[in-house]
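Q: Could we go through this model together? I would like to start with how it is divided.

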Amino acid sequence: MGHLPTPLEPMPNLGAELGLDLWVKRDDCTGIGMGGNKVRQLEFYLGKAQEQRATQVLITGAVQSNFVRTTAAMAARLGMGCHIQLEERVPNPSTLYRENGNVLLSKLMGATLYSYPEGEDEAGADRRLGEIARKLEQTGEVPFIVPLSADQPPTGALGYVDAARELSEQAKDFDAIFIASGSALTHCGTLFGLRLIDDQTPVIGICVRRDAEQQTVRVRRRLNDLAQLIGCENPVRDQDIVLDDRALAPGYGKMSDDTQKAITLAANTEGQFLDPTYTGKVMAGLMKHAPVHRGQKVLFWHTGGQPAIFAYADAFGFSQT
Ligand SMILES: *Cc1c(COP(=O)(O)O)cnc(C)c1O
């Protein structure tokens, strides 16, 4: 369902600004439901849902989750209903955050919304989805859950194992790849997929959710889970797991000065939109590494998230005109 392969494009103006031969992998252009990285992941989850003849898809995420919005879009296209549980992950959210951006789009697509008061309880959030699923079953529906917690198979990462192959068919000579590391499925799939085809390009995961120490544990675990899912040996060496959390503060889904600067610079120089939760932080992290990679060919993996920008309109501090 995704518009694949996505374009690989140069970012000459921003590259000149940073002293890099900078390129972007446009996974914001995966097409359906305003695109983003979750389309690649959902190809695999919803494939399973179709196999099971599911009539309803259930998913949990942050209030401004791009994952739930893309799920609603793909479910709509497949003729399935969509049930979305929104978790309170971001403290003191604004009215815009609660109502605009992805929330507005999910409502527009007719998804049923639920709220979950905890933001850091992945297993609990999944359990609650299970309860909703059982209720749906009682009314004759066939529910399918897109799981969140790391206890479940990393099915979505398969989309990025494939994306790594796709990238290597477009270009093989990057000195470094910068990519978001949240649930870690995008990061793990990409790293795993590259090493599987013996591509040794360094992959730098930029932390958007947990600090580098916690995220390293998660990535290591998910790589092993992925090897098990695929049924091969894990081709990733421990020293290949690189995480940088310097752009994470003040925390998940919160704007920082560095992030705002990165978003503004990408928009001003390239006309490209980055979001405050994921891609803006990845670019802010990449900018911190730029001096080390001076003159090198560097890839920024754009994972989407633009609809969330509208939920953060007040965080940019623009005055009203
Ligand atoms: C979810 C998301 C990420 C992080 O991907 P994970 O696979 O959860 O690590 C990055 N960018 C955007 C825009 C996202 O929506």
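A: The domain bounds used here come from an automatic or database domain assignment, and the model itself is predicted.

Q: Which residues does the assignment give to domain 1 and domain 2?
A: Domain 1 is made of 8-36 together with 154-313, and domain 2 covers 41-146.

Q: How far apart are the C-alpha centres of the two domains?
A: The C-alpha centres of domain 1 and domain 2 are separated by 24 Å. In the contact between them, domain 1 takes part with 26 residues and domain 2 with 26 residues.

Q: And how much area do domain 1 and domain 2 bury between them?
A: About 2100 Å² is buried between domain 1 and domain 2. Carbon and sulfur atoms account for 57% of that area.

Q: Which residues of domain 1 lose the most area to domain 2?
A: They are Ile32, Arg209 and Tyr252. Together these residues make up 27% of what the domain 1 side buries.

Q: Staying with the interface, how many salt bridges does the rule find there?
A: Four salt bridges are found across the interface of domain 1 and domain 2.

Q: What about Arg209, which residue forms a salt bridge with it?
A: Glu122 is the partner of Arg209, and their closest N and O atoms are 3.8 Å apart. Arg209 is also among the residues of domain 1 that lose the most area to domain 2.

Q: How many residue pairs are in polar contact across the interface?
A: Ten residue pairs are in polar contact there, with both residues at pLDDT 80 or more.

Q: Changing topic to the ligand: which residues come nearest?
A: There are 15 residues around the ligand, and Lys38, Gly182, Ser183, Thr186 and Thr303 come nearest.

Q: What are the distances for the side chains of Asn37 and Gln41?
A: For Asn37, a side-chain N or O atom is 3.0 Å from an oxygen atom of the ligand. For Gln41, the side chain likewise has an N or O atom 3.0 Å from a ligand oxygen atom.

Q: Now the backbone. Where are cis peptide bonds found?
A: One joins Leu4 and Pro5, with omega about 0°; Pro5 lies in the segment before strand E1 (8-10). Another runs from Ala249 to Pro250, with omega near 0°. Pro250 is placed in the loop between strand E9 (242-244) and helix H10 (257-270).

Q: And which residues other than glycine have a positive phi?
A: Met34 is one of them, with phi of about 75°, and it sits in the loop between strand E2 (21-26) and helix H2 (37-51). Arg53 has a positive phi near 55°, and Arg53 is located in the loop between H2 and strand E3 (56-62).

Definitions and conventions
Residues are numbered from 1 along each chain as its sequence is written. This is a predicted model: local features need pLDDT of at least 70, side-chain atom pairs count only at pLDDT 80 or more; totals for chains, interfaces and linings use all residues. Side-chain values use heavy atoms; hydrogens and water are left out. Contact means heavy atoms within 4.5 Å. Buried area is the accessible area (1.4 Å probe) that two parts lose on being put together, summed over both. A salt bridge is a side-chain nitrogen of Lys or Arg within 4 Å of a carboxyl oxygen of Asp or Glu. A polar contact is a pair of N or O atoms within 3.5 Å; within protein, one must be able to donate a hydrogen and the other to accept it, and residues adjacent in sequence count only if both atoms are side-chain atoms. A residue is near a molecule or strand if one of its heavy atoms lies within 4 Å of it. Helices (H or I, at least four residues) and strands (E, at least two) are DSSP runs, numbered from the N terminus.
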